[in-house]
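Reader: I would like a close look at a single part of this model. Please keep it brisk.

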Amino acid sequence: MNMIEALNSAMDVALTRDPAVTIFGQDVGYFGGVFRATDGLQRKHGLTRVFDAPISEGGIVAVAVGMGAYGKRPVVEIQFADYIYPATDQLISEAARMRYRTGGEWWSPITVRSPYGGGIYGGQTHSQSPEGIFTHVAGLKTVIPSNPYDAKGLLIAAIEDDDPVLFFEPKRLYNGPFDGHHDKPVEPWSKHPASEVPDGHYVVPLGKANVVRAGGAVTVLAYGTMVHVALAAAQETGIDAEVIDLRTLVPLDLETITQSVSKTGRCVVVHEATRTCGFGAELAALVQEHCFFDLEAPIERVTGWDTPYPHAFEWEYFPGPKRVGDALRRTMEA
Amino acid sequence: MSGRKDILMLKNSARLHVPEPGCRPGETPDMSHIKVPPAGEVRRPAEDTDPAEIRDLAWALIRVLDDAGDPVGDWNPGLSADMLEKGLRAMMLTRAYDARMVRVQRQGKSSFYMKSTGEEAVAVAAALALEYGDMCFPTYRQQGLLVARDWPLVDMMNQVYSNSRDRLKGRQMPVFYSSREAGFFSISGNLGTQYSQAVGWAMASASESDSRIAAAWIGEGATAEGDFHYALTFASVYQAPVILNIVNNQWAISSFSGIAGGERTTFASRGLGYGIPSLRVDGNDFLAVYAVTRWAATRARSGLGPTVIELFTYRAEGHSTSDDPSKYRPGSEAAVWPLGDPIERLKAHMIGAGLWSEDRHGQLEKELEEEVRRAGKESESYGTLKEGARIPASTMFEDVYKEMPPHLVEQRKQAGV
């Protein structure tokens, strides 16, 4: 399965297993979503379980919160992460705090799926990586898969989770493990082992990172598209990097991170989102708090620049394998 | 150059219009602009009437009790003596409760309070017209829902005091109650968010063919929030079984209803653009509020979809204990409010109908004050904001997530609580 097929399969499994699961969002019903993630689900599960919503991100999440209070398990799609901002009040002030503010009487077992990240010539309104806004909020979980197998297992885990989960899907990875070499064709997922996705139910637990490349020289912390960019950078520089796919940003698998950095003594943090106050800042802070005496070099951050995502200059903006490779070299030379 | 000169000479009649209320502090209050039609004047259409035929009701004012306290017209719900007494009692109890909770706030025993004085019928009549299982998504000024549903005052006070028995564990400001058991949804300070959530709850209920409906309340001021538009859009699109109440109490803290758009049209009429039947009702008339709520509930339960109800009322006191309304409106404005007081009006009706007397009223008032006092003593024995028993501070790390993640376990250790 490619990533879209894996996500579709996850939702199909969830709809089949739990009658409370309800899916809605813009264009997700009859049409099956602009990225086709919900293709065929309305036909199979019915109009009242998978349906189109008005162009109203705030309304979509509000209605999900209300349905969650009733006892449903809503899975909503925000068509692009760039459009999520009208829903931030419902996510931050409502969903995230429902369990807390009601002493556990109510909660928001909702999953908000949203394609994020750049590399598709989407300009500033179809390319953003807003995960850092949500990782800052107590009560939300933030999940970002990097391959089809994880995408399905993590999405099922997110749907079954009783806390609100933001599930950001790196849209550049939908069809293949894009490694940042935008001038080369992307190889399809079918050639990648993570495209072996079981048809049935399984979960990849939230809060568990994955060491996708073992190495001894430097630890690279990445998620989403940047996992594949980091792997390419390691291969191209010949530096024996240990690449960790975080998979879940909140809750974070700090143990896997600190074990690795304690071993390598070096750390490069990579994300596509803008740098200032990005999730990388949190990672760098945690690494220095927990691994300071093991560090042999300053922690490097390779990120998107602190500019809006520019349409014609996205490859200058995008932290590709060359920039990650340069950071690896600098870290090794320090 | 000549072209530019022509442009400069064009007459510009546009002016920035900033709405101002009719009177400010120091001026004689005047509410003569409020048109009060006679009670009984508005027809009561059948619940399944085509919404297109009742659009005029969004500009009408449904009233049942006339100036003499007699119920007149089609909307008279014909309530039993028991129901009338129940309503009167719940409104009086709400008022007595509010009075005590402001006093204890002034004594420093709690941080904050919000009264519903003058608006008791809005919540109490609705609560009695709804079924107990119907789910309410209120604002902070519908404490009357809990009172009318016989929720224990002690539990409400425990929340206000954030004391050792506060089920919300000291996490919410006073009056931000939550009671799943009483069908009273958690109050939010971000105004309007409950309105769209109520529609989601109602959609879920409809998808289960559940007979329970949702009812939501919003202030006229917060109708300017996006959530109001989201709620009406989704309610209309999916024909959700929900009653969308707009409590127009004329004031949003210091901003009069004109700042929310009240000068141009009624708040009820906003529902019409969404194709939702919309009624405007005298919010200080217990019988009228009961009747319209019942009408809307029947529609919702019959699969006829949502109803918008504007409850025209007056916030007789400040926004909260942090507010001083004499800074922005004449102090005696409440006295000239043309729709009177909901308790006085129901009382007059019941006396006129031979169901009640001044003596019984005075006696009930004393009984309720005593009931509130007893509840207050009990609640205070479980602690107040700054004195007595409290919930352990370590609980502040609980319920952020269903299971405490490692970083919160660590932070709780660091906090030393």
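How many of the six residues of strand E7 (residues 307–312) of chain B are buried, and what does that say about the strand?

Author: First, the ground rules. This is a predicted model, where local features need pLDDT of at least 70, side-chain atom pairs count only at pLDDT 80 or more, and totals for chains, interfaces and linings use all residues. Residues are numbered from 1 along each chain as its sequence is written, while chains are lettered from A and ligands numbered from 1 in the order in which they are written.

Now the strand. Six of the six residues of E7(B) are buried, so E7(B) is largely enclosed by the rest of the structure. Buried means that 20 or more other C-beta atoms lie within 10 Å of the residue's own; 12 or fewer is exposed, anything in between is partly exposed, and C-beta atoms are placed from the backbone. Strands (E, at least two residues) and helices (H or I, at least four) are DSSP runs, numbered from the N terminus.

Take the two faces. In a regular strand the side chains alternate between the two faces of the sheet. B:Thr307, B:Ile309 and B:Leu311 point one way from E7(B). B:Val308, B:Glu310 and B:Phe312 point the other way. All of them are buried, the charged B:Glu310 included.

Next, the partners. Two strands pair if DSSP finds at least two bridges between them. Strand E3 (residues 242–248) of chain B runs parallel to E7(B), joined by six bridges. In that pairing, B:Asn245 has B:Ile309 as its bridge partner. Strand E6 (residues 278–282) of chain B also pairs with E7(B) in the parallel sense, over five bridges.

Finally, confidence. Chain B averages a pLDDT of 96, and 98% of the residues score at least 70. pLDDT is the predictor's confidence in each residue, from 0 to 100. For the complex, the predictor gives an ipTM of 0.97 and a pTM of 0.97.
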